[in-house]
Amino acid sequence: MSQTLDEIMKKNIALMTACDVVYQQWEHEPILDFDTDERVGERLGWTATPTKSLFLSFKSGGHALLLTHKDARLDSKSVKALMGQRPSIASNEEMIATLGCVPGAVCPFGLPEHIPLLVDDTLFGFDTLMYTPGPPEFTFAFAAKDLPVLLSALPNPIHLIGQPADA
């Protein structure tokens, strides 16, 4: 059974608190697409780097979540080299059933423990990162230097993955 959006949000707040990571939080209209994201970001004056979470499935029935920059594209070859299987983007129904997230607002933290988190290593080069902590009407931002601290506190398998320069 998947978790609720409220439970995902509480897990994110607990993770930030447990790791002593300072974060900003905004409440706004639901963001479920990039156009709304840009419009809300302009209105609120966001300067942090937006991230994107892609929920992946494999023919074996397994899953992974790729955390990357919002403009990056899925590099199937890199994921296959890392995971041993070619990925595809999971269907909305599969994602909802497994994670409890809303399509367009997939949260990278608070995943079921068996789901690996693939982290685009380019994210470490930014100053501040933004993501959706579950409910699509909230956005969190934190210093990218704190990403390793957050990742080390997660029970999930964590894998770093490089993205091609033209992604």
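Predicted model: local features only at pLDDT ≥ 70, side-chain atom pairs only at ≥ 80, totals over all residues.

Trainee: How do you know that the size agrees with a compact globule?

Mentor: By the radius of gyration. A compact globule of 167 residues would have a value near 15 Å, and the protein has 15 Å, so the two agree. Its C-alpha atoms fill a box of roughly 40 × 40 × 30 Å along the principal axes.

Trainee: What makes up the secondary structure, and in which pattern?

Mentor: The protein has 5 helices and 8 strands. Along the sequence they follow α-β-α-β-β-α-β-α-β-β-β-α-β.

Trainee: How many of the residues count as buried?

Mentor: The figure is 49% of the 167 residues; the cut-off for buried is under 20% relative accessible area.

Trainee: Which residues of helix 2 are buried?

Mentor: In helix 2, residues 34-44, they are Thr-36, Asp-37, Val-40 and Gly-41.

Trainee: Why are they said to line one face of the helix?

Mentor: Seen down the axis of helix 2, the buried residues fall within an arc of 130 degrees, so they line one face. An α-helix has 3.6 residues a turn, so residues three or four places apart point the same way.

Trainee: What do the buried residues of helix 2 pack against, and which exposed residues are on the face turned away?

Mentor: The buried residues pack against strand 2, residues 49-57. The face turned away from the buried side carries Asp-35 and Glu-42, which are called exposed because that word requires over 50% relative accessible area.

Conventions:
Residues numbered from 1 in each chain as written. Heavy atoms only, no water. Helix = DSSP H or I, 4+ residues; strand = E, 2+ residues; numbered from the N terminus. Rg over C-alpha atoms; globule rule 2.2 N^0.38 Å. Buried < 20%, exposed > 50% of the residue type's maximum accessible area, 1.4 Å probe, protein only. Arc of directions from axis to C-beta. Contact = heavy atoms within 4.5 Å.
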